[in-house]
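Q: Please take a close look at one chain of this model, starting from its contacts with its partner. A connected account of how that chain is built would be welcome.

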Amino acid sequence: MAGALVIRGLSKSFGAFRAVEGVSLEVAPGHVHSLIGPNGAGKTTAFNCVSGFLKPDAGQVLLDGRDVTGWAPHRLVSAGMARTFQITRVFGELTVLENVALAARSQEGMNLEMWRPAGSVATAQARALDILTTLGLADRAESNAEHLAHGEKRVLEIAIALALQPTVILLDEPTAGMSSGETERIAALIRSLSARASVLLVEHDMEIVLGISDVVTVMTQGSVIASGPPSAISRDARVQEAYLGVTAAVGAAC
Amino acid sequence: MRKTAGLRGLVLPLVAAGILAILPYAGASPFTITLLTESLIFAIWAMSLDLLVGYTGLVSFGHAAAFGLAAYAAGYFAREVTGDFFFALLVAEAVVIPVALGFGFVVARVSGIAFAVISLCIAQVLFTIAVTWRSVTNGMDGLVGVPLPRVAGVTLASGNAFYLLTVLCLVAVYLWLTRLVDSPFGRTLQAIRTNEERAASIGIDVHRHKWLAFVLSWAVAALAGTLMVFLKAGTTPMSLHWTESGNVLIMTIFGGIGTLLGPVLGSTVFVFVRDEFTTRFKAWQFVFGLVFVVVVLLFPTGLVGAVNRIRSFLWRARS
């Protein structure tokens, strides 16, 4: 079966530094596919090339079989791709509901509507509230987003992405800075997302990834060193070397 | 509930407009009315700037460009062809909107300091043209001999009649902009102000929306410029000068950006303070500057923010 998201030979350099070199992977429909690697492996650069925030030097990005390489972020959204941010970027002074409704209206093609009040777009409001209910944020719907706890903001990020009704959802380290309890909650949430969309998850925490992924792709120094089901990845010698090497180095530094 | 809120939103501006409209008949002197007319024209101009600064997060240092360009276009047309106000306004828009489309396309690609600088450059280019293209603009002496405005064939000979026309324009612009900023489009502008990348990632075409906001802002400013050229019966290159861009920015920030009501308050205070102090001593700008700095430091959201804070303080004290 063709992948919902196919990345072929993606490369990106900054000056002489090759951040990403010939990365290929294929996210199957309904899968949670994780892209992991130690810090500086080029995951985030690859992520940004796929989501339109960087233009790749070479390679191809196919979304549902359509070549979307180098498309601007807003065009990717209408093509069915949604992303979240590693550093939470919810609209702080808007309410939680309005944050999601904004995305829902955008998805409904209402962005240029200048006459009706935004709150009167009933379908968007209803859909936004529905998503918040599913994700367990409904009781915070009327709070300003800046007043949410860190973990809740991460959930809101995902709610905003879901309102765009994507076929592929890209998550950039959704558990960064979370307590272990919150991490478990997000992990369960990510797993449940795969019922609605294919997920490409970028993480550096190996443990979270192994529990919830269908396929794991491992990057170090800009290149893919291994790709496969979690059970195979956790036994892979090169992966262990890359990860344990880093872990040992970090351990020594502490 | 939403309906009553909508009605309440209408009551305040209509009551305010009613009070403004009866002022000439309640003993306000012709001089006060002229001053008030000027401040209301500035209010329209400042609201148009608020759409950019307060709602889209684009600080323009060249908003005089739209104002002065409209003043020249409308004034020239009125002198050469007809003093009909709406025809002159139409001509001003027909000149300003294409220019805004052109400049806006470029300037909407940037934000922050770059936007401020480029907008300043645009205004200075127009200023230079106004000074040097003497055959049309009459150079530094400016455009003179603009006739009295006519509306539906009736010449607005008295200051009061023109004042009422200005009040009407102000109310129309206020109601329209209030509606606009609350619309889905208005909300996308506020999303862009908060974070452009975030806005793009929910499918908002950031460039197109900033461009459109720029053109709408200029179109509203063109109305103000048209009114002004009739009020003064002419205009000079100073209407395009960067000091004018500075003044309207000060009025907007002083009143409170992102509020629409703020620019109206800010411009009124500005015009009346200027009038009060220019007659007493030359350094009135120094005084206004001090007041401006104090207000902005104490109340970053301007006069409107100050009023809101005092109100909520009294509210708490009472309960």
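A: **Contacts and architecture of chain A**

In total, 27 residues of chain A are in contact with 20 residues of chain B, two residues being in contact if their C-beta atoms, placed from the backbone, lie within 7 Å. This is a predicted model, in which local features need pLDDT of at least 70, side-chain atom pairs count only at pLDDT 80 or more, and totals for chains, interfaces and linings use all residues. Residues are numbered from 1 along each chain as its sequence is written, while chains are lettered from A and ligands numbered from 1 in the order in which they are written.

On the side of chain A that touches chain B, helix H2 (73–79) and helix H3 (96–107) of chain A each supply at least two residues; helices (H or I, at least four residues) and strands (E, at least two) are DSSP runs, numbered from the N terminus. H3(A) gives the largest share, five residues. By type, this side divides into 15 nonpolar, seven polar and five charged residues, where Ala, Val, Leu, Ile, Met, Phe, Trp, Tyr, Cys and Pro count as nonpolar, Asp, Glu, Lys and Arg as charged, and the others, Gly among them, as polar.

An automatic or database domain assignment gives chain A domain 1 (5–89 + 166–253) and domain 2 (91–147). The centres of these two domains of chain A, taken over C-alpha atoms, are separated by 28 Å.

Two sheets of chain A follow. One is an open sheet of six strands with mixed pairing, in the order S6-S7-S8-S3-S9-S10 (chain A); two strands pair if DSSP finds at least two bridges between them. Strand S6 (81–83) and strand S10 (223–228) of chain A are at its edges with a single partner strand each, so one side of each has no neighbour in the sheet. On average, neighbouring strands of this sheet are turned by 15° against each other, direction ignored; axes are lines fitted to C-alpha atoms, for helices over the stretch in contact, and angles run from 0 to 180 degrees between N-to-C directions. At one end of the order, strand S9 (residues 215–220) of chain A runs antiparallel to S10(A) and is joined to S10(A) by five bridges, with Thr220(A) opposite Ser223(A). Helix H1 (residues 43–50) of chain A lies across strand S3 (32–36), strand S7 (168–172), strand S8 (198–203) and S9 of chain A, at about 145° to S7(A).

The other sheet is open and antiparallel, its four strands having the order S2-S1-S4-S5 (chain A). Its edge strands, each pairing on one side only, are strand S2 (17–27) and strand S5 (66–67) of chain A. Strand S4 (residues 58–63) of chain A is joined to S5(A) by two bridges, and Leu63(A) has Arg66(A) in S5(A) as its bridge partner.

Pro166(A) is placed in the loop between helix H5 (150–163) and S7 of chain A. With 24 other C-beta atoms within 10 Å, Pro166(A) is buried (20 or more other C-beta atoms within 10 Å of its own; exposed means 12 or fewer, partly exposed in between, with C-beta atoms placed from the backbone). Not counting residues up to four places away in sequence, Pro166(A) touches Gly80(A), Met81(A), Ala82(A), Ala161(A) and Ala197(A). Between Pro166(A) and Gln221(A) there are 55 residues in sequence and 30 Å in space, C-alpha to C-alpha.
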